[in-house]
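Here is a short report on one predicted model. Look over the sequence and the structure before reading on.

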Amino acid sequence: MASPGYGKRSAPGQLPLPDRPFPHLPGREAAIAAYIDRLPDGADISVKTLAKVVPAYGQCAIRTALRNLTAAGHLRRGSEHLAGEGSQRWVTRTWFTRTARDDAWWAAYATGKELPQARPTRSRAFILLAALSRTAPALTLSAADCAALEPLAATWFERGATEAELTHALTTGLPTPVHHAASLTRTRLLTKLPPDRTPRPTPRVLRVLECVTCGDPGRPEALTGGECGPCRNEAPAPRPAALTPAEVRAHAARARTASRTPERTRT
């Protein structure tokens, strides 16, 4: 395992590992990517460590392979801001994903924007209502009952209630017998609705991505394929021409004149 802050970090929303992993990568990169993918979060994936545990390749080959994995969208290096109790610090991160991501995805991840996720076919509220019969067989609801009660149950989750709290409120102290499960569930959803719990503010995500070649930090949108413009041999954007002394004096004179001119009252 790596020192704190220097180990592998898995990116979210990865697809399941296929039977033949990383078929789009060359053999060396596919082998190293498959090895990294099997490691747990926090494992040391530095060049020196990988060269020791994958003896078929030396440090130069490992470094080139990691650069190629970055260009293919599987790897990014950078730093992340952690706000703890009484301290604020930046830690080094190496993010890995078996699912290749484009530059736009990495830019969104670095800024903490919401990433596209697979949507479930049924909501959390619907699934809980359908499963009530496992805890209390008397509360067996039909699919139509679950769909009708789904908005009421969703309100509980919007107010911060957990699944355990909602299940306990609906299944504890049931009368014997239960004549109409849907009506009893609706009554309890309405009468036992908890007060609104103000959610805690979401901490601001601060991450910085680095160029895979030179290691300099840069804006995510400027790191095409994980490389900065100079490492891609791109010419820097031309700077605007500096003002001449005469132009500076002219701007200053206009500013002084404007500050001494009284403002006219509009009618």
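## Terms and basis

Contact means heavy atoms within 4.5 Å. The model is predicted: local features need pLDDT of at least 70, side-chain atom pairs count only at pLDDT 80 or more, and totals for chains, interfaces and linings use all residues. Residues are numbered from 1 along each chain as its sequence is written, and side-chain values use heavy atoms, with hydrogens and water left out.

## Thr94 in β3

Thr94 sits in strand β3, residues 87–96 (strands are DSSP runs of E, at least two residues; helices are runs of H or I, at least four; both are numbered from the N terminus). Thr94 is buried, at 6% relative accessible area (buried is under 20%, with a 1.4 Å probe and protein chains only).

Leaving out residues up to four places away in sequence, Thr94 touches Gly7, Lys8, Arg9, Ile45, Leu75, Arg76 and Arg77.

## Helix α3

Helix α3 covers residues 59–71. Its 13 residues should span 18 Å at 1.5 Å a residue, and the end C-alpha atoms are 18 Å apart, which agrees. The expected span is 1.5 Å times one less than the number of residues.

Buried residues in α3 are Ala61, Ile62, Ala65, Leu66, Leu69 and Thr70. Just after α3, Gly73 has a positive phi of about 95 degrees.

## Pocket lining

Among the residues lining the largest pocket are Arg63, Leu66, Arg67, Arg77 and Cys211. Helix α3 gives the most to this lining, with 3 residues.

Definitions and conventions:
Buried means under 20% relative accessible area, exposed over 50%, partly exposed in between (1.4 Å probe, protein chains only). On a 1 Å grid over the protein atoms alone, a cavity is a set of points where a 1.4 Å probe fits but cannot get out, and a pocket is an open set with protein on both sides within 12 Å along at least five of seven lines; lining residues have an atom within 4 Å of a point.
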